[in-house]
Amino acid sequence: MNGVGILWVDIDTQHAAAARRLIAARYPDWRVVNSPTPETAKAPLASQAWDAVVLCLKPSDQELPGLLELCAGRPVLMCIDAAQEALAARAFRCGLGDYVLRETDGAAHLSELLNRLVALVQGAQGRGKPVRMVDARIWQEALTMLQEQRSALQATLASMSQGIFKTGPDGRITVYNERVLELLNLPESLMATRPTLADLTRVQAERGDFGEGYSLVDRRGHDYVAQGAVASAPALYWRTTRDGRTFEVRTTSLADGSLVRTFADVSDYVRVENELRESEARFRSLSDLSSDWYWEHDAEGRFVQLAGDLSVNGIPLSDVMGRTRWEIGALNMTDADWAAHRAVLAAHQPFRDLELQRRRADGSMHWISVSGVPVFDANGALRGYRGVGRDITERKQVESQIERLAFYDSLTGLPNRRLLVDRLQHATAAVARSGTQGALLFIDLDNFKDLNDTLGHDTGDQLLLQVAQRLKGCVRESDTVARFGGDEFVVLVEGLSADPAHASAEAALVASHITTTLGKPYALGDASHHSTPSIGIALFGQQTVSVDELLKHADLAMYQAKAAGRNTQRFFDPDMQAAVSNRSALEADLRRGLQEKELVLYYQPVVDGKGRLQGAEALVRWRHPRRGMVSPAEFIPLAEQTGLILPLGQWVLETACAQLVAWSRSSLTRQFFLSVNVSVRQFRQPDFVEQVLGVLDATGANPERLKLELTESLLMADVEDVIARMEHLRRYGVGFSLDDFGTGYSSLSYLKRLPLDQLKIDQGFVRDLQTDPNDAAIVRTILALADSLDLAVVAEGVETTGQLEFLQRYGCKAFQGYLFGRPMPAEVLERALRPAL
Ligand SMILES: Nc1nc2c(ncn2[C@@H]2O[C@H](COP(=O)(O)O[C@H]3[C@@H](O)[C@H](n4cnc5c(=O)[nH]c(N)nc54)O[C@@H]3COP(=O)(O)O)[C@@H](O)[C@H]2O)c(=O)[nH]1
């Protein structure tokens, strides 16, 4: 290549001189003209032919087109800084010339520059690769495109959340974004030096970015980083910064030996993943430890996932997966229940504590409780449900046990008061709606207390159990039989006729059936027992009566049945209410009267056939401050029901004994006996014997002058105990008289064994003995019986001489009645007797 002319435009005179020296050494015949600036180059360019122009300048993007225009289509070789490479390389690769990168220090690149210059000149001269001459217009277009692409690239890089850099084939970083500087905490100045990956790694290692022993780089990237990033990079590794952030480092190697590396801050992802892992671990350990299980079903309700302890279910997994809950079924769920549950699912609502009862494969029953929440996908569409299940069999058993205890009587298993009240509330509402009527039957067993007290609670319980069974058999399945406690039962009958009269008849029929059924003998152990019920009936229908009132009405009616002689039934009527109100007022009044010492004892004479006084019966009276003298017929039954008979009886006994002592002081009255009435309740007191003996002891009364009058009802139960007590007192001289004889139930075999002194013929037989042959026959029989048993007889209620003569004719020797004297105060009795004596 001879006579080649080169125009060398170079602002750096030393660089230009070095180039000249190199060219002179290799191509001594080349003509090289230096021009320090584009301005000074204009003249030689315009006036001379040049084989090539070398531009060693740092033109701005805007200056370049003008500069190339100046070259006027001559081959151009640019020697440029690396920072301008992107611009120049793009343009020159379009065939517009060539370029070399200039070393920042030194002139090592000049040799390469000269090689390329030779190639360029040869190409231009037709020897070698053809070189298109630089055309300013094409250059401008390329430049514009290049600038647009560069702007787009810069915008893209700037907007990336990832950090990115790219190396050239020489391993130096040529492209990077702000984000990578931020993530790796690298200064811009470092990047300006076009560092290699090894340079960057060294800087970071020196700062301790990779941790002790590169511990902050995961095993995939560990060796690569530890060896200074000189080997080929793994495609992916993670590293952690000292402040705890995690980067995902991805490297893509390109064909020309360059590579692209991205840095993504995955700290949030790692944190969430860790939390998720921890939460899953927690969930796993909880579900492993607990008896609960986890489930998922799809949008159609088909089970797709089950985990945890499913053993309690007792249903094989294969029977569950792919099926819906309602296909599996539950014993406690009706079609309506399932429809309600499916409506909740269709509305995408959460549900809690859906309780299902199922039968296990082994036949045992179990309960589960299920709760669930809907699961949606990113678009808000239902993916299905997930939730937990729990075995609640034990809880259900406890609940039903509690319910049994709370609502059922533990002895008979019948509903108790609480449950009856609840059912009664429903019943009153139901009859009001339907226009029908209902009835409440309050049932009390007659003399149950006596049985209980005498034969013991176990026997009492046996009777109650049998009564409960019989009652259930007396009513329909839909009616309710409840036990109210003690010997009280209540039957609730619904669906009676709308017509009150008809409804009453229906209720009466039920009551009669109950009376008959309960009146049949009971087998209690070896013995046969007889019991009767007293039944109070209250009807309910359209009138608004509260449940409490209804119960009170039936209770009152039951008391009426008792008062009417027991073993019978009574309907409630409003007059009863008034009677009861009076009764409770009387009770309070009597309690007060006892305290205020308003009670007094009267004495009714008992005489022999010649009218001579033998003794008297003590009869209590109540000297009421407002009502005057109140008859015991009015308050004794009340005192018996309320228990007031106990203090009252004690007072009577004490007063009577005191009277005996008083009479003992006079020869006129010393031989008198005194009869004292003793109620069943009083006699049944466990310490009755001790009480009597205590009073005798305290007063000093002669026991042989004291006669205790007992009634036949005492003999209905535990006669052995009665006999024992009587014999005990008799050993002290106390006498016994059987009052109202003939009116009750007296077994002759017992009568024979009782340590009695006398029988008292009830005044009911005496009253009509002259007109009623039956009564006359009874009186005669009693007298004959007493004679055969060697018992004395006192006839009560003798009002006429006719009665007296009849009684005397058949052997009666003692008499009591208005014919001889009414009950009177002791002093009146004594005064009245004095003239006769
Ligand atoms: N447990 C106790 N009971 C007692 C006591 N005091 C009385 N009573 C009982 O009260 C009932 C009524 O007694 P009362 O009104 O005193 O009537 C007695 C007599 O007054 C009456 N009587 C006597 N003679 C005649 C007569 O000729 N005609 C007539 N119409 N009535 C007459 O009979 C009653 C005596 O009854 P009884 O006791 O059965 O002998 C009564 O049941 C009393 O028992 C007490 O302290 N404790």
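Strand E14 is joined by 9 bridges to strand E15 (residues 382–391), and the two run antiparallel. Here helices (H or I, at least four residues) and strands (E, at least two) are DSSP runs numbered from the N terminus, and two strands are said to pair if DSSP finds at least two bridges between them. The model is a predicted one, in which local features need pLDDT of at least 70 and side-chain atom pairs count only at pLDDT 80 or more, whereas totals for chains, interfaces and linings use all residues. Residues are numbered from 1 along each chain as its sequence is written, and side-chain values use heavy atoms, with hydrogens and water left out.

Strand E14 (residues 365–376) is largely enclosed by the rest of the structure, because 9 of its 12 residues are buried; buried means under 20% relative accessible area, exposed over 50% and partly exposed in between, with a 1.4 Å probe and protein chains only.

Helix H20 (residues 547–563) contains Met 558. This residue has 1% relative accessibility and therefore counts as buried. Met 558 touches Phe 442, Asp 444, Ser 534, Ile 535 and Gly 536, residues up to four places away in sequence not being counted; contact means heavy atoms within 4.5 Å. Met 558 and Leu 441 are 117 residues apart in sequence, with a C-alpha to C-alpha separation of 8.4 Å in space.

The ligand is surrounded by 22 residues, of which the closest are Gln 604, Asp 740, Gln 763, Glu 796 and Glu 799; a residue is near a molecule if one of its heavy atoms lies within 4 Å of it. A nitrogen atom of the ligand is 2.9 Å from an N or O atom in the side chain of Gln 604. An oxygen atom of the ligand is 2.9 Å from an N or O atom in the side chain of Arg 621. The protein covers 82% of the 810 Å² of accessible area that the ligand has on its own, with areas taken from the Shrake-Rupley method and a 1.4 Å probe. Two or more residues of the shell come from each of strand E24 (613–624), helix H22 (632–642) and strand E28 (735–741). E24 gives the most, with 4 residues.

Strand E28 leads on to a further set of paired strands. E28 and E29 pair in the parallel sense over 3 bridges, and the bridge partner of Phe 741 in E29 is Ile 761. E29 also pairs with E30 in the parallel sense, over 4 bridges, with Gln 758 opposite Ala 792 of E30. Both faces of E29 are covered, Gln 758 and Lys 760 being buried on one side and Leu 759 and Ile 761 on the other.

In helix H30 (residues 801–809), the residues Gly 802, Gln 803, Leu 804, Phe 806 and Leu 807 are buried. The buried residues of H30 pack against several elements, among them strand E29 (758–761), helix H29 (773–788) and strand E30 (792–795). Just after H30, Gly 811 takes a positive phi of about 95 degrees.

Conventions
Polar contact = N/O pair within 3.5 Å; in protein donor to acceptor, adjacent residues only side chain to side chain.
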